[in-house]
Amino acid sequence: MSIPITGEKAAIRIKQNVPDSVVVFDDTNVWVEVDKLLDVCSFLKDDVELDMQFLNSISAVDYIEYFELVYHLRSLRNNTTLVIKAKCFGRENITVPSVTSVWKGAELQEREAWDLMGIKFSKHPNMKRILLWEGFPGHPLRKDFIR
Amino acid sequence: MYGLGLVKGLMVTAKNLVLPSRMMTVQYPNRKVGLLGLSKATGVPLPKLLLKDPITSVKSLLGMAEVKESLPQHPRFRGEEFSWYEQRCTGCASCAKYCPLGIIEIVTSESGDQMQEGQKYHLDKFDIDIGRCMFCGLCVEACPYDALHMGSGFEEGTYRRQDLVIDKRKLVSAKKTPSTWFRPQLASKKYDPHKGKNVKWDGAGRHEKPSLEQQQEKWAKR
Amino acid sequence: MTEILILRSGFDFNGIYGFFDEFMPDSLDWLVFLITSLILAIVIINAVVLSTALLTWFERRLLGRFQSRLGPNRWGPFGLLQPIADLVSLLTKEDTIPEGADKPIFTLAPIVFLAPALIVFSVIPLHGGSFLGNLNVGLIFVIAITSINTLAVFMAGWSSLNKYAMFGAMRAVAMLISYEIPMGITVVAVALVAQTLGLSDVVLAQDIPYILVMPLAFLVFITAASAEMSRTPFDLIESDSELGAGYHTEYSGAKFALLQLTEFMAPIIVAALVTTLFLSGWRGYGPIPGPVWFVIKTFIVLFGFVWIRASWPRLRVDQIMGLAWKGLLPLSIINLFVVAIEVFIFNPGENGLSTTDLWIMTGVNWGVTIIAIFAIFNLLGQSKSERPVPVISPLANMYANTNTVKKITDLAEAE
Amino acid sequence: MPINTQPVTINLGPQHPSTHGVFRLRVTFDGEQVIDVEPVFGYLHRGTEKLAEERNYVQIVTLTDRLDYVAAMTNNLAYVRTVESLTGIEVPERGMYLRVISSELQRIASHLIATGFLLDELGAFHTPLIYCFRERERILEMFEMLCGARITVSYMRPGGVLQDAPTDFWPRLDDFLTSMPGYLDELEGLITENEVVLARTRDLGILSAQDAINASITGPVLRATGVQWDLRKAEPHEVYDRLDFDVPIGSVGDTFDRYYVRIQEIRQSLRMIQQCVAQIEPGPVRSKAPYFIRPDSVDAYVGTESPKGELGFYIVSDGGISPYRMHIRAPSFINLTVLRELLIGWKLADLIVIFGSLDIVVGEVDR
């Protein structure tokens, strides 16, 4: 059975190696600073103990006051999972560091997040709309999207 | 190696060429039959058929005779032509609420001055827009009185979209051959809707409608 | 009816010319010539188009049965009128020409495509002679005429102003020209053994069918011929899964009907040629007349084509070119070389090779064929089919943190 | 001497026989060689994630049918598992067995389609495709017995499956299980040793294990690279931990391996169904669950091994009757990450074959 790494364990490990990155954690999730996201992710991938070599999925959730990016990570070697979350505040011009350089699998998912949720990823190789056409007004998965 | 795999492939296709039992075609709606097939399909013995209808017999030898064929369907098949029993329906509109697409439109009015349990609303309108229906069957699953059943048909074709809206009049006059999907009471009776037997409203439900006395008794207890 | 007329021996150019010449004044020789040509043209076109229609039905029914379905059976007895229904459907469609197309060439291409296919039929000997009588350069004539196809395909693809059509046309030119060469070399071998270039004479020389005498030549010829008519596994000109339709992407209506007609005609031509060159043409046994033997043999070859079409996938463009230059060309040269030596040794006189000579050649050539094919296969490297044994990558371990492995072993022990 | 040609850009799709639906590839060719590929998504975008926000938890089951429309059962399974993990609804034993049986049948059907269309793209004139469809037809007939529909099944519900299998289902399943290995052998006879297929698929579009993991590839495409990773073993859900089965892997990671892994997985699925039929016992198939499910405000992500790869649902609930946000991790979509790297340098004919071997369904790519 895949064992979810507890937020506490992961948070301690991350804190030790990437200072000032963890905002808060609970049983299953770790919230990290948006600015440190790339550092945290590259640490998680290269770390021997956590070894999160596999990016499962990137989801973006609109909580109206803020957007939350959810990274579901998996270690294929240790058969463990980890959830990293990042809150980004504001409605317009949100920019989040892209993790494409760490996991190539993020490429299409980040484009999807930009297209449907309007979260821009900096240093993404091809930051274009993916499912909708260029010039589509707004981002449909936002809660305030009215057609 | 050395083309042997290619020869093996040729053998597989040859095997399928000579084995007619592997045929997957269903000749819907008409099946071409030979002479023997014709006598089997019509149930008329061969000599009698030859005497009685020589033209058709010759046609069948030429491979031009046809008999009706329908696609094989399980009794559980979820199809259109909804079977709806007005007698069982109370107008609770559960089906309309459960429909993921919201294509069932129900308008009711009070039928009595004092609505009590078991008493029913008067249904002014019961429309199902099967042009948008995806036959998921959630409405049937929702119906607490087993009033709405899936049908078994699949051959609806019209020239206008509006014609696909089934209204109350059509529902009442439609053939009542409900599918046994989510209706174990019909499945346990080994009912097959494709045989074309109509089911009356009192045989379609999981439970009988309570009598007036029972209702009054229950009402009085509260 | 027309077919029976054709099959009567003497129904060729000279026969008809003589028939009309009897009651026409000498000054009207040009008219007699014209009338004869017209009659021949009408007969050939009708016969060929009818047999092509029959072939489309035959192929579709047979493909259906190979694929365990029925094939067309609705229209007419056993679906025999299906080709007519198809034709009506195609002819009544709108004949569109793309906006930017080169209109004259676009219109001309189907005609250029169809004409050579029809002309070839005038020299195929059905019984003793062909429509044109016994043409003494029949082999060269056939090879020359069929090469015009390449031009027509390129015309169609180029003038359509469609990239898919262009792809198909470029592939066609590369492939058709490559396969001309092994095909020509094999035909030379046949001509060597038969000591003639006339198609009827080739049949007459076949005391033993040449498929037995020269199996290698037969294999090369049939492979090259299926490439020439672009059938599976060489159908990349119009590979439907890659190019949609290839060179005839933009064609519709009557023009498309012509292209399709020619395409279905090609197998008949090839099958007739194979019958003539390798299966001893109209020669057969028993009371069955020659033309019937010819048709039977042709349909056996056609059955083979359909069978292969139903069974094998398509090769890639570079593999097809590789097969032509690395596989078929050496094989055809080996065949020509061996046959030439044999013919030199037996040194046939006026009457050609004797039956004994042919039997000896058969024995030698079968050995050569098997050795040559093995050698070519080994050289091309396709025989090395061993694959590495799968090794579980250490990058993942799905049994970590789980006792599934233990459970399964426990279960096995318990049993 | 290098021949300089002008690059040609072709729009493969959205209407093209080999793009598995309405998928578009903008390909630049140098002669026949691919020098650049740009996939264009979105021709089948229906906004499933947005639609799910206004439907309740049972109604969404009908939406999941339409994601990967050749494998609706596994979509249902992935979704209801997420809802169960969100709410803690228990599933009765027989319901779990029926789930496994139906989703393994669906896996066979989906792999048959993948194999058939791959061969179709190789240029076999529909013969393997029709043989595959012939066997798939029997699976669809069994689905019709289970739930009345063949493609859009909507069979599973949070808390079990909708209905028990009818009595005539089991003989039909037995018949299928006994005859299917023979048909598979026949299909393999047509394909696996065929020189043309081998010449076309061997060493074509090789994907290394490292790249596959880095690009989040899952499913048979990942297993073909030699990575033994299967969520049915790694995260045994339902009754998979009681079943004995192997996880087939490929050796090179080329197109042939992707095909062959699928064929072997079909055999493993048959094995699993056989064990399920032996183990299943009478009982309820669906536990009592309210129709309007109101989970606590939590989120849950559950990945399930679907025929295409890991199909994951991430559901955020705000306590209402419909999810606050539902995100779908679509395997077909994410497997396309490596498309560009796989295709560049190959020829047009190879492009079609490599693309076909990835086995995408546009309903799932665009959602």
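This is a predicted model: local features need pLDDT of at least 70, side-chain atom pairs count only at pLDDT 80 or more; totals for chains, interfaces and linings use all residues.
Chains A and B, by comparison, have no contact with each other, and their closest C-alpha atoms lie 19 Å apart.

Within chain C, helix H8 (residues 163-194) packs against helix H11 (residues 215-228), with axes that come within 9 Å and cross at roughly 155 degrees. Angles over 145 degrees count as roughly antiparallel, and H8(C) and H11(C) are therefore roughly antiparallel to each other. Their crossing is left-handed. On the H8(C) side the residues in contact are C:Met175, C:Leu176, C:Tyr179, C:Glu180, C:Pro182, C:Met183, C:Thr186 and C:Val187, and these meet C:Ala217, C:Val220, C:Phe221, C:Ala224, C:Ala225, C:Ala227 and C:Glu228 of H11(C). Sorted by class, this contact comprises 12 nonpolar, one polar and two charged residues.

Helix H11 (residues 255-279) and helix H14 (residues 348-358) of chain D have axes 9 Å apart and pack at an angle of about 30 degrees. The crossing of H11(D) and H14(D) is left-handed. From H11(D), the residues D:Thr255, D:Arg258 and D:Arg262 meet D:Val353, D:Ile354, D:Ser357 and D:Leu358 in H14(D). By class, three nonpolar, two polar and two charged residues make up the contact between H11(D) and H14(D).

Seven cavities of 30 Å³ or more are found in the structure, and the largest cavity holds about 170 Å³. Its lining consists of 14 residues, of which C:Thr146, C:Asn149, C:Ala266, C:Ile269 and C:Val270 are closest to the centre. In chain C, helix H5 (103-121), H11 and helix H13 (253-278) are the elements that give two or more residues to this lining. H13(C) gives the most, with five residues. The lining of the largest cavity divides by class into 10 nonpolar, three polar and one charged residues.

The largest pocket contains about 1,700 Å³ of space. Of its 50 lining residues, B:Leu6, C:Leu219, C:Thr223, C:Trp312 and C:Phe377 are the closest to the centre. Elements from three chains each supply at least two residues of the lining: helix H1 (4-18) of chain B, then H11, helix H14 (290-311), helix H15 (317-346) and helix H16 (355-380) of chain C, and helix H7 (195-201) of chain D. The residues lining the largest pocket are 35 nonpolar, 11 polar and four charged.

The second largest pocket has a volume of about 1,300 Å³. It is lined by 50 residues, and C:Thr56, C:Arg60, C:Gln260, C:Phe264 and C:Arg309 lie nearest its centre. At least two residues each come from helix H3 (29-66), helix H4 (82-91), helix H12 (240-243) and H13 of chain C, together with helix H4 (93-122) of chain D. H3(C) gives the most to this lining, with 10 residues. By class, the lining of the second largest pocket has 25 nonpolar, 12 polar and 13 charged residues.

How values were computed: Residues are numbered from 1 along each chain as its sequence is written. Chains are lettered from A and ligands numbered from 1 in the order in which they are written. Side-chain values use heavy atoms; hydrogens and water are left out. Axes are lines fitted to C-alpha atoms, for helices over the stretch in contact, and angles run from 0 to 180 degrees between N-to-C directions. Helices (H or I, at least four residues) and strands (E, at least two) are DSSP runs, numbered from the N terminus. Angles under 35 degrees count as roughly parallel, over 145 as roughly antiparallel, 65 to 115 as roughly perpendicular and the rest as oblique. A crossing is left-handed if the near helix is turned anticlockwise from the far one by less than a right angle, and right-handed if clockwise. Contact means heavy atoms within 4.5 Å. Ala, Val, Leu, Ile, Met, Phe, Trp, Tyr, Cys and Pro count as nonpolar, Asp, Glu, Lys and Arg as charged, and the others, Gly among them, as polar. On a 1 Å grid over the protein atoms alone, a cavity is a set of points where a 1.4 Å probe fits but cannot get out, and a pocket is an open set with protein on both sides within 12 Å along at least five of seven lines; lining residues have an atom within 4 Å of a point. Grid points are joined across faces, edges and corners, and a volume is the space filled by probe spheres set on the points.
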